[in-house]
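Dear colleague,

My notes on what was found in it follow directly after.

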Amino acid sequence: MLSALARPASAALRRSFSTSAQNNAKVAVLGASGGIGQPLSLLLKNSPLVSRLTLYDIAHTPGVAADLSHIETRATVKGYLGPEQLPDCLKGCDVVVIPAGVPRKPGMTRDDLFNTNATIVATLTAACAQHCPEAMICIIANPVNSTIPITAEVFKKHGVYNPNKIFGVTTLDIVRANTFVAELKGLDPARVNVPVIGGHAGKTIIPLISQCTPKVDFPQDQLTTLIGRIQEAGTEVVKAKAGAGSATLSMAYAGARFVFSLVDAMNGKEGVIECSFIKSQETDCPYFSTPLLLGKKGIEKNLGIGKISPFEEKMIAEAIPELKASIKKGEEFVKNMK
């Protein structure tokens, strides 16, 4: 039932939609010079939905901004460098996307990532809470299962927490699931929609193949392999890049897809559905990703898990302990912050 609605608008549709007077989204990218930040900024600059693009990083942003500013689309682009320029980057923003942080390298544990990225996300989201408390906050920085609870706790500390405006971007899991299912079934990936729920790491990534549109069937062994590939697709890229980083281009695509859906919904477009890792009452996990109906003020309605197979039930049960631990770790990090 989610299928037609859940797909992002086609380019033609988006173009016709872009004549609306409300297509004036002011978007900030924090970590804009990095491996995800640069291609993400390019995709945002290319969109008629964006009228102002502000780019922040601790290095190279003036150059990235100068380069992007020559592109013949209407979004104005400005680069901001270093912590003292961050407030100006954020003022008046409608949407803030945060791909900042260090990527995984082969053999790296999530904890290696946590120590660096937790501090980066806490610092950047504290600035958002101060300078654009009403903005939609889209977190790409891993581990998302911990960086979303960190963001929530930081916003609470500043007294501006709104759970309907803080999103963990899990869209790449959906994009990968759609692509891999399409490959196996000889379908057009743009026509496939697989909801992916849970979290955004390893076995917490739960693709609901039973809810795929169009309906697809796989023998159990093929299904197990497919789900394993979706869950470990990030590692597949990390290994293939052999030390030169992690998924950046596909992540930039997925991040842009999520931002465009969000902005479309903020502009009043109806029936926009995306999965995202958010504050949730769907399970006994305080945060959980499910399909969401997006609206003018962020999350309009959590569409929940829906009808699932016993195999998917089992995956959820197995994911919850790891998810809870990652969430607690993020919350504790903010509690212990100076």
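Glu274 is buried in this predicted model, as its relative accessible area of 2% is under the 20% limit for that class. Its partner is Arg257: the two residues form a salt bridge in which the closest N and O atoms are 3.1 Å apart. In general, side chains of opposite charge can pair when their charged atoms come close.

The structure holds 11 salt bridges, and some others deserve a comment. Asp284 forms a salt bridge with Lys324, the closest N and O atoms being 3.2 Å apart. This pair, too, links distant parts of the chain: Asp284 sits in the loop between β9 and β10 (287-295), whereas Lys324 is in helix α12 (residues 310-335), 40 residues apart. Asp284 is exposed, with a relative accessible area of 53%, while Lys324 counts as partly exposed at 33%. A further salt bridge connects Asp217 with Lys215, where the closest N and O atoms are 3.8 Å apart; Asp217 and Lys215 are both exposed. Finally, Glu183, Arg229 and Glu236 are linked in a network of salt bridges.

I turn next to helix packing. Helix α11 (residues 249-266) also meets helix α3 (residues 37-45): their axes come within 8 Å and cross at roughly 40°. That angle makes α3 oblique to α11, and the crossing is right-handed. On the α3 side, the contact is made by Pro39, Leu40, Leu43 and Leu44; on the α11 side, by Leu249, Ala252, Tyr253, Gly255, Ala256, Val259 and Phe260. By class, this contact has 10 nonpolar residues, 1 polar residue and no charged residues. As a general point, an α-helix has 3.6 residues a turn, so residues three or four places apart point the same way.

Another helix pair is formed by α7 (residues 144-157) and α12, which pack at an angle of about 35° with their axes 7 Å apart. The crossing of α7 and α12 is right-handed. From α7, the residues in contact are Asn145, Ser146, Pro149, Ile150, Glu153, Val154 and Lys157; they meet Leu323, Ser326, Ile327, Gly330, Glu331, Phe333 and Val334 of α12. By class, the contact of α7 with α12 has 7 nonpolar, 4 polar and 3 charged residues.

Ala233, Gly234, Thr235 and Val238 are buried, and what covers the buried residues of α10 includes α8 (171-185) and α9 (220-231). Lys239 and Glu183 are 56 residues apart in sequence, and their C-alpha atoms are 21 Å apart in space. After α10 comes Ala242, which has a positive phi, near 45°.

Thr170 lies in the loop between β6 (166-168) and α8, and is buried, with a relative accessible area of 1%. Leaving aside its neighbours within four places in sequence, Thr170 is in contact with Gly199, His200, Cys275, Ser276, Phe277 and Ser289.

Val102 is found in the loop between β4 (95-98) and α6 (110-131). At 33% relative accessibility, Val102 counts as partly exposed. Not counting residues up to four places away in sequence, Val102 touches Leu113, Thr116 and Asn117. Val102 and Ser246 are 144 residues apart in sequence, yet 9.6 Å apart in space, C-alpha to C-alpha.

With kind regards

Notes
Residues numbered from 1 in each chain as written. Predicted model: local features only at pLDDT ≥ 70, side-chain atom pairs only at ≥ 80, totals over all residues. Heavy atoms only, no water. Axes fitted to C-alpha atoms, helices over the stretch in contact; angles between N-to-C directions. Helix = DSSP H or I, 4+ residues; strand = E, 2+ residues; numbered from the N terminus. Parallel < 35°, antiparallel > 145°, perpendicular 65-115°, else oblique. Left-handed = near helix turned anticlockwise from the far one by under 90°. Contact = heavy atoms within 4.5 Å. Nonpolar A, V, L, I, M, F, W, Y, C, P; charged D, E, K, R; others polar. Buried < 20%, exposed > 50% of the residue type's maximum accessible area, 1.4 Å probe, protein only. Salt bridge = Lys/Arg side-chain N within 4 Å of Asp/Glu carboxyl O.
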